[in-house]
Structures are given as C-alpha cells and as structure tokens.
Amino acid sequence: MMTTLTPRLIWILLAMVSAFIALVSLLLTPWLGLEPCHLCIFQRLLFMLLALLAGLAAWVGRPGVPRLIANLPVTGFLLLAALGSGVAAWQSWLQLQPPTDSITCVGAQPGLIERLVEWLGQEVPSLFLATGFCEDAQLSILGLSLANWAWIAFTLSLAGAVWLLWRGRRSARQQG
C-alpha cells in the first residue's frame, strides 16, 4: 500500500531530518575529536530550531487551526532555513580560501552570531562550546566539508518548505 506524502508527513520528515543532523553533529564532535567553530555551533542551533519549527508546523497544520497560528512555525522555518543556507555558504567560502592570517570568521569585534554562541557556550558547553576556526575544514565526507553538507541540507529544507507553501496555495485556489 502506497502512502501519499501529505504536508503533515513532509513536515514530520523535515523535523526528523533536522533533529538527526543536530544529533549527528553532537555525536561526531567528541567521537572524532572535532573542534566546532562559531558558525558550526550556530548551524547546529539552527538545525535544532528547524526540527522544533517543523514539528510545530506538522502539529498546527491540521484543519481547524487558524491560518495565522499555522503560518507562524512555517514562516520561522523558512527564515531560519534561509539564514542557515547563507551561513553555511559563507563558511564554505571561508574554507575554500587559501590559508592566510587575514581571512577568518573571528574578528576583533565579535558579531551577533559570535556573541550568541559565546553566551550559549557558557550556559550549555556540552552543546554549544566553540573551540575551532571556521576556515578549517576538519572533516570531509565524499569530498565535501561539513559546511558544504550543511548548505545542502539547509537549501533542501528551504526548498521543501517553499514547495509545501506553493502546493498549499495552489490547492487552496483550486478548491476556492
């Protein structure tokens, strides 16, 4: 028996994939002795939030839930997936640069991401302590760095959410 991919099922799948990616990043760090950077930790946080928002989107996306409430986690998911895609692309670009002392993600004045990650690292070091440098690609899988894989995951998540919105609006126009 073939199961159709309902929007709720796709949101659940997006939640599970995001949670899996966050969990794998948590497990790989001590297992392989990786030193995550500020951007790595920020992307980990974004995957955790994407899992939460996708789960909420699946839960509130049922009939009878007001559209405004149902759209909040979807909008948040879209914004965070786009932000994650941009951050992962930036880190991928940093890793492609020739090794120099002038290109790094850590500046003299910490930016918003660095300050957030530093605060989270002080509060919950087991999840959010940044000890590495963003331009160091410590691990490659199939020739791609973890930042490259994160960019793929964020971009596919964003594309999936946009497709769900497009599909939902198209269905609403056809029914109305």
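Is Ala 57 buried or exposed? I looked this up and found a relative accessibility of 5%, so Ala 57 counts as buried. The cut-offs I used are under 20% relative accessible area for buried, over 50% for exposed and partly exposed in between, with a 1.4 Å probe and protein chains only.

**Ground rules.** I am working from a predicted model, in which local features need pLDDT of at least 70, side-chain atom pairs count only at pLDDT 80 or more, and totals for chains, interfaces and linings use all residues. Residues are numbered from 1 along each chain as its sequence is written, and side-chain values use heavy atoms, with hydrogens and water left out.

**Whole chain.** I noted 6 helices and 2 strands, in the order α-α-α-α-α-β-β-α along the sequence. Helices (H or I, at least four residues) and strands (E, at least two) are DSSP runs, numbered from the N terminus. Of the 176 residues, 35% count as buried. I then checked contacts, meaning heavy atoms within 4.5 Å. Of those between residues at least 6 apart in sequence, 80% join residues at least 24 apart.

**Ala 57 again.** I placed Ala 57 in helix α2. Leaving out residues up to four places away in sequence, Ala 57 touches Trp 11, Pro 73 and Val 74. I also looked at Arg 8, which is 49 residues from Ala 57 along the chain, and the two C-alpha atoms are separated by 7.6 Å.

**Core.** A nonpolar core here is a set of buried Ala, Val, Leu, Ile, Met, Phe, Trp, Tyr and Cys residues joined through side-chain atoms within 4.5 Å. The largest one has 35 residues, and Trp 11, Leu 14, Phe 47, Leu 50, Phe 77 and Phe 154 touch the most other members. I found that α1 (7–32), α2, α3 (67–96), α4 and α6 (146–175) each supply at least two residues of this core. Helix α2 gives the most, with 11 residues. I took Phe 154 as an example: not counting residues up to four places away in sequence, its contacts are Gln 43, Leu 46, Phe 47, Leu 50, Ala 81, Gly 84, Ser 85 and Ala 88.

**α2 against α4.** How do the axes of α2 (residues 38–60) and α4 (residues 112–123) cross, and within what distance do they come? I read a crossing of roughly 75°, with the axes coming within 9 Å. The two helices are therefore roughly perpendicular to each other. I listed the contact residues: His 38, Leu 39, Ile 41, Phe 42 and Leu 45 on α2, with Ile 113, Glu 114, Leu 116, Val 117, Glu 118 and Leu 120 on α4. Axes are lines fitted to C-alpha atoms, for helices over the stretch in contact, and angles run from 0 to 180 degrees between N-to-C directions. Angles of 65 to 115 degrees count as roughly perpendicular, under 35 as roughly parallel, over 145 as roughly antiparallel and the rest as oblique.

I found Leu 142 in the loop between β1 (140–141) and β2 (144–145). Its phi is near 55°, a positive value in a residue other than glycine. At 79% relative accessibility, Leu 142 counts as exposed. Trp 149, in helix α6, is partly exposed at 31% relative accessible area. With residues up to four places away in sequence not counted, Trp 149 touches Ile 141, Leu 142 and Leu 144.
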